[in-house]
Amino acid sequence: MECLFCQILKEEIPAKVVYRDDVVIAFEDIHPIAPIHLLIVPQKHIGTLNNLMPEDNELIGYMIQTAKMLALEKNISEEGYRLVLNCNAGAGQTIFHIHLHLLGGRQFSWPPG
Ligand code: AMP
Ligand code: ZN
């Protein structure tokens, strides 16, 4: 079975895409846990954060810049938002193609669950 997010990138599986360029795609999470819940996914398949290479540094920065831009677009920049990267099962990673969660539109507690 091919990676679900690679299939979304190739448009083999539909998604509510809010942003796309040559480096990343961003779409709505299918099971949102906040009023705004977007996933920022690199075009490059990287399984987990453990597989990151030094040459991916720019990519990670780009994903965060994309989240910042989308937060502004969604009007949550000022009230605040949360960015989450889960690594492996212990942290709740279920799709093994790295993705940045952009969560907003409600109050978040700390520490996270
Ligand atoms: P994680 O648990 O960090 O690996 O996050 C995976 C996220 O992908 C979860 O929040 C899921 O709800 C979301 N997800 C799973 N399948 C889809 C899909 N087909 N389209 C959009 N989001 C999905
Ligand atoms: Zn993939």
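Predicted model: local features only at pLDDT ≥ 70, side-chain atom pairs only at ≥ 80, totals over all residues.
I begin with the secondary structure. The protein chain contains two helices and five strands. Their order along the sequence is α-β-β-β-α-β-β. With a radius of gyration of 14 Å, close to the 13 Å that the globule rule gives for 113 residues, the protein chain is as compact as a globular protein of that length. As for its extent, the C-alpha trace spans about 35 × 30 × 25 Å along the principal axes.

Next, the contacts within the chain. If we take the contacts with a separation of 6 or more, 54% of them are between residues 24 or more positions apart.

I turn now to burial and surface. Among the 113 residues of the protein chain, 39% count as buried. The accessible surface of the chain amounts to about 6900 Å², and carbon and sulfur atoms contribute 55% of that area.

Which residues form a nonpolar patch on the surface? They are Ile64, Tyr81 and Leu83, and together they have about 230 Å² of accessible area.

In the secondary structure, Leu83 belongs to strand β4, which covers residues 81–84. Why does Leu83 count as partly exposed? The reason is its relative accessibility of 30%, since the partly exposed class lies between the buried limit of 20% and the exposed limit of 50%.

To close, I would return to the patch itself: in this model, Ile64, Tyr81 and Leu83 make up a nonpolar patch on the surface. Thank you for your attention.

Methods:
Residues numbered from 1 in each chain as written. Chains lettered and ligands numbered in written order. Heavy atoms only, no water. Patch = residues over 30% accessible without salt bridge, like charges linked within 9 Å, V, L, I, M, F, W, Y side chains within 5 Å. Areas by Shrake-Rupley, 256 points an atom, 1.4 Å probe, with all protein chains shown as cover. Salt bridge = Lys/Arg side-chain N within 4 Å of Asp/Glu carboxyl O. Helix = DSSP H or I, 4+ residues; strand = E, 2+ residues; numbered from the N terminus. Buried < 20%, exposed > 50% of the residue type's maximum accessible area, 1.4 Å probe, protein only. Rg over C-alpha atoms; globule rule 2.2 N^0.38 Å. Contact = heavy atoms within 4.5 Å.
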